[in-house]
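Let us look at one protein chain together, going from the whole fold to a single residue. Please keep the sequence and the model in view as we go.

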Amino acid sequence: MANDINDNNYMLNDLANKREEFYPGEVIQHEEQGDAFLFTCDNDVLLKVHVLTDEIIRFRFSTEGRFEDDFSYALSQPLYNKPKEELDFQDRDTHFRISTSKLTCLIHKQRLLVRILDKAGNILCEDEKGFHWEWNKGSGGDIVKMSKQVQSSEHYYGLGDKSYNLDLRGRRFTLWGSDTYGYGKDTDPLYKNIPFYISLQRKVAYGIFFDNTFQSFFDFAHERNNVTSFWSMGGEMNYYFIYGPELLNVTQEYTHLTGKPELPPLWALGFHQCKWSYYPEDKVREITDGFRKNKIPCDAIYLDIDYMDGFRCFTWNKKYFPDPKKMVKELYEDGFKTVVIIDPGIKIDKNYSVYKEAYENDYFCRRADGPLMKGSVWPGLCNFPDFTKPVVREWWKDLFKGLIEEDGIRGVWNDMNEPAVFEEGTFPPDVRHDYDGHPCSHRKAHNIYGMQMARATYHGVKKFAKPNRPFVITRSGYSGLQRYTSVWTGDNVASWDHLTIANIQCQRLSVSGVSFTGSDIGGFIETPTGELFIRWIQLGIFHPFCRVHSSGDHGDQEPWSFGDKYTDLARKFIELRYQLLPYIYTAFWQYVDQGTPMLRPLCYLGQKDSETYYRSDEFALGDHILACPITQEKSDGRWLYLPTGQWYYYWTDDKFSGEEEVWADAKLDRIPMYIRAGAVIPFYPVQQYVGEKTIEELTLHVYYVNGEETSMLYEDAGDGYGYEKGEKNIRKFIVEGIHNKLIVAQEVEINNFAPSYQRYKLVLHGLPSSMNQFKLDDNEAVKLDSVTKTNEVGKNIYEIDVPCEFSKIEFS
């Protein structure tokens with residue numbers, strides 16, 4: 001290789017690979033623009049550094065002396081920005097220095113190389129080649145690249161739904177949404193496109209969000225073991241550096257940046273049953289009757305593509321469903337919310353009103369030379385709406401009036417929206433898109449097509465579901481999709497390997513800002529054994545989206561399909577899911593309010609403990625529950641690692657110290673499940689569906705701790721928008737164990753919602769035998785002897801009933 005400098009083009013010739021790489025030159029001008037700083041090089045390269053917060057810095061490069069319109073589908077609007085405690089700029093001899101209260105950013109005057117340090121002077125992130133580019137001779141524009149040095153013992157997490165190990169180091173990945181039927185651990189790319197990763201090195205975390213929708217690549221020390229790089233086949237080098245220092249902080253800040261969802265209806269956190277396909281109506285009723293007959297809770301039943309007339313979206317097959325409105329109403333009266341699938345492909349049929357309206361208004365995507373984009377999917381030959389065009393999204397939104405407002409459908413499931421096309425894979429690259437007034441080819445729009453479809457669907461369901469909340473699920477999407485929709489992990493396989501993959505994918509999606517996620521429980525392809533199905537149910541009840549889904553040609557996959565033994569076990573764990581609903585709903589509120597991931601890998605619980613960095617089976621749901629699925633056939637338990645702190649084994653109340661590997665006895669009637677000492681876990685009574693029962697008493701499971709722990713409880717009506725008007729409760733429980741005394745205190749932060757219950761049942765676990773009385777607020781002490789019970793393994797637990805308004809209970 002040789003360096004050539006010609007007319008201030010800083011160029012590196014790579015003759016072996018027949019490519020020319022270009023680099024920024026020397027900074028000849030800089031300009032302060034409030035909280036942004038613009039640097040101009042002698043070869044017209046621009047760098048704009050925008051300090052959004054003390055923790056978030058944006059780096060935006062241009063190679064042509066000007067920036068295009070600043071537009072992003074990923075970012076929440078208005079742009080996340082909070083007051084900065086400190087912002088200082090200095091022009092030094094060899095570099096510029098930008099400082100916040102958390103970070104120091106050094107930008108070298110030669111080649112705009114960037115180094116970012118924390119306030120203690122530790123290097124967090126440092127350019128290797130830094131920004132560079134090459135001409136894309138095939139399609140025009142630049143292939144924009146960034147390479148950074150790998151720091152000591154650096155680990156990488158995130159990047160959406162990748163099916164590889166939780167730690168991404170040593171691998172290269174592609175972001176190009178793809179229909180990957182029956183994918184495996186090494187399959188790449190997959191359905192979703194989330195160009196955000198988290199780094200952990202020297203026990204400090206940061207993240208990088210590369211906001212570029214072209215086909216992109218991430219190399220985590222794969223090609224060169226001391227370099228991590230990311231690049232894209234077009235567009236700008238535009239990325240955000242997000243400082244922690246905690247892993248949890250990084251995900252929270254990224255989620256603030258790309259947007260948070262609204263609260264879902266509580267029923268959406270219940271159990272869902274789906275299959276390709278349940279039809280005709282008699283079959284649907286047979287399935288829903290089966291749930292009620294077997295006393296297995298369920299809140300949602302799905303209709304796949306066969307409910308439509310010839311797979312035409314927004315229609316009904318009246319042979320299979322002669323009176324859909326009546327059916328949906330009667331299902332609802334039995335507690336079932338009906339969810340239907342809608343794909344992007346619109347059948348080419350001049351007598352089909354949806355097609356005719358889109359055709360006449362020029363709503364379909366076109367090829368570069370003008371013809372409509374055609375592709376074959378389930379209805380046959382189809383045209384496809386351009387969801388990047390605002391008027392098309394408005395039209396799509398209004399199409400839901402019939403299904404939602406008139407027929408009573410409560411949720412919509414978007415599939416095939418990578419976009420997928422039979423035989424061809426996806427759209428040709430020359431297909432044109434409006435891109436909200438920024439016309440482009442499919443090369444730029446591909447990765448956001450599914451997200452914009454889900455966005456239009458969300459607004460349609462929301463408009464016509466009011467006063468209820470919307471529920472949408474999508475297979476594909478881009479960063480920011482969480483503002484509109486839940487997701488699932490696509491067409492998986494009924495295998496033990498895929499049970500492990502599902503666990504990893506859902507954790508990865510959660511820390512990538514997409515917490516409302518789940519897998520097809522039991523596997524979509526092929527048929528699970530009864531044992532595998534139960535182990536998958538055990539995992540699925542801890543995922544925010546909890547749905548069984550299967551392909552109809554592989555056998556039955558309802559919870560009662562594997563024999564009485566497995567039916568009883570499925571019922572047991574789905575009932576546990578319903579008991580945990582107030583805890584799960586509180587975790588979802590934390591996600592909405594603070595951007596906190598609902599599912600947290602072990603390293604998020606023990607960042608200071610390097611033993612957690614490589615482990616991917618153990619994870620937390622919310623603040624205080626740790627789960628670890630059994631992923632091996634015919635196992636009666638497993639070894640797992642507990643993070644720092646004290647933990648109770650849920651099934652026995654045995655107490656363990658963290659930062660140790662422990663054996664969990666877990667025959668098929670158990671999943672390894674641990675509760676953090678000091679936690680307060682709210683339980684509902686078992687219901688067959690959300691709202692079946694009036695909750696007359698809320699059970700609070702309190703776990704003794706030698707120390708102090710805080711737990712939250714969020715409540716509202718579970719549907720509707722009263723919570724946006726303040727109709728909600730936020731309660732904090734502080735559990736403190738000191739000197740033969742346990743204090744359970746309650747602080748009410750907001751109390752504007754009247755729940756149906758007036759009393760708590762406190763169930764105390766691990767209480768020392770020396771404690772034999774309790775005192776409620778200012779009342780006299782009461783002996784505990786009269787309220788003693790034993791759990792299933794013979795350990796004492798204590799139950800007491802107290803009013804919801806209590807302030808403090810003291811046990812001694």
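Residues 24 or more positions apart account for 67% of the contacts in the chain with a separation of 6 or more, where contact means heavy atoms within 4.5 Å. This is a predicted model, in which local features need pLDDT of at least 70, side-chain atom pairs count only at pLDDT 80 or more, and totals for chains, interfaces and linings use all residues. Residues are numbered from 1 along each chain as its sequence is written, and side-chain values use heavy atoms, with hydrogens and water left out.

Student: What percentage of the 812 residues of the chain count as buried?

Tutor: A residue is called buried when its relative accessible area is under 20%, exposed when over 50%, and partly exposed in between, using a 1.4 Å probe and protein chains only. By that rule, the share of the 812 residues that count as buried is 64%.

Student: Is Thr100 buried or exposed?

Tutor: Thr100 is found in strand β9, which covers residues 95-100; a strand here is a DSSP run of E with at least two residues, numbered from the N terminus. Not counting residues up to four places away in sequence, Thr100 touches Val51, Thr53, Asp54, Glu86, Leu87 and Lys119. Its relative accessible area is 1%, so Thr100 is buried.

Key: Helices (H or I, at least four residues) and strands (E, at least two) are DSSP runs, numbered from the N terminus.
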